Amino acid sequence: HSRGIWILDHMNALRELTPAVAARPLHLFRMRAAEQIRYRDALGHVGDVFYTGENPPKGAIIDLWLKDAGAATVTIHEAGGAEVARLTVNGKPGVNRAIWDLHYANNGPFVHLGTYEVRVAAAGTTVTGRLEVREDPRIRVAPAVRRAHTETMRRLATLRNETRALGASIAA
């Protein structure tokens with residue numbers, strides 16, 4: 001249509017990338033808080049399908065620097081140190097990105113709200129950073145109610161996984 005606009009958001013990596021960072025084998029850029037947005041996957045009307053941009057990724061954006069190509073392992077840990085999620089980045093030299101969907105591992109529910117430690121291991125080095133997980137800003141609920149909801153969803157996910165395993169053993 002002869003018009004366009006580029007939106008450059010989440011530029012932490014570009015802002016922090018200095019010659020000192022580029023000399024390191026591994027660097028984890030600062031992460032902005034991630035919100036647990038409940039997206040709907042419905043299509044809009046036909047005009048909307050052809051002429052809209054992409055939404056931001058669903059989850060936390062984790063940008064890291066790798067001096068050399070290689071795999072990086074990103075783990076997310078809650079306050080007590082327990083690992084709640086693990087991601088693998090098949091990195092190329094330069095800035096790489098991982099997206100954490102803010103769920104517990106193995107198709108679990110959304111994690112509790114709060115601060116998490118992000119650990120990235122690659123090239124024989126480990127770096128850490130902090131990530132805050134916030135509620136969907138459209139949802140207004142007391143913290144105790146939200147925590148009880150998450151714990152209930154975790155119990156249901158455990159039961160679902162146990163049921164699947166039992167079903168698979170019966171079928172075998």
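Colleague: Which residues does asparagine 12 touch, not counting residues up to four places away in sequence?

Modeller: Contact means heavy atoms within 4.5 Å, and asparagine 12 touches Phe29, Arg30, Met31 and Arg32 once residues up to four places away in sequence are left out. This is a predicted model, in which local features need pLDDT of at least 70 and side-chain atom pairs count only at pLDDT 80 or more, whereas totals for chains, interfaces and linings use all residues. Residues are numbered from 1 along each chain as its sequence is written, and side-chain values use heavy atoms, with hydrogens and water left out.

Colleague: Is asparagine 12 buried or exposed, and what lies 2.8 Å from a polar atom of its side chain?

Modeller: Buried means under 20% relative accessible area, exposed over 50%, and partly exposed in between, for a 1.4 Å probe and protein chains only. Asparagine 12 has a relative accessible area of 16% and is therefore buried; this residue lies in helix H1 (residues 12–16), helices being DSSP runs of H or I of at least four residues and strands runs of E of at least two, numbered from the N terminus. The backbone oxygen of arginine 30 lies 2.8 Å from a polar atom of the asparagine 12 side chain.

Colleague: How should I read the salt bridges, and how many does the structure hold?

Modeller: Side chains of opposite charge can pair when their charged atoms come close, and the criterion is a side-chain nitrogen of Lys or Arg within 4 Å of a carboxyl oxygen of Asp or Glu. The structure holds 9 salt bridges, among them the one between arginine 86 and glutamate 83, at 2.9 Å from N to O. Arginine 86 is exposed at 53% relative accessible area, while glutamate 83 is partly exposed at 39%.

Colleague: Which parts does the salt bridge between glutamate 135 and arginine 146 tie together?

Modeller: Their side chains meet at 2.7 Å, N to O; glutamate 135 lies in strand E8 and arginine 146 in helix H4 (residues 143–171), so the pair ties together parts that are 11 residues apart in sequence. Glutamate 135 counts as buried at 14% relative accessibility, as does arginine 146 at 7%. Salt bridges with shared partners join Arg38, Glu135 and Arg146 into one network.

Colleague: In what order do the strands of the open sheet run, and which of them stand at the edges?

Modeller: Two strands pair if DSSP finds at least two bridges between them. The open sheet has 5 strands in the order E2-E8-E7-E4-E5, with mixed pairing; strand E2 (34–36) and E5 stand at the edges with a single partner strand each, so one side of each has no neighbour in the sheet. E2 and E8 run parallel and are joined by 3 bridges, and the bridge partner of glutamate 35 in E8 is arginine 134. Arginine 134 also forms a salt bridge with glutamate 132, with the closest N and O atoms 3.3 Å apart.

Colleague: Which residues touch the most other members of the largest nonpolar core?

Modeller: A nonpolar core is a set of buried Ala, Val, Leu, Ile, Met, Phe, Trp, Tyr and Cys residues joined through side-chain atoms within 4.5 Å. The largest one has 28 residues, of which Ile62, Val74, Ile76, Trp100, Val118 and Val120 touch the most other members; strands that each supply at least two of its residues include E3 (60–66), E4 (70–77) and E7 (114–122). Tryptophan 100 touches, among others, Ile62, Ile76, Leu87, Tyr116 and Val133, not counting residues up to four places away in sequence.

Methods:
Polar contact = N/O pair within 3.5 Å; in protein donor to acceptor, adjacent residues only side chain to side chain.
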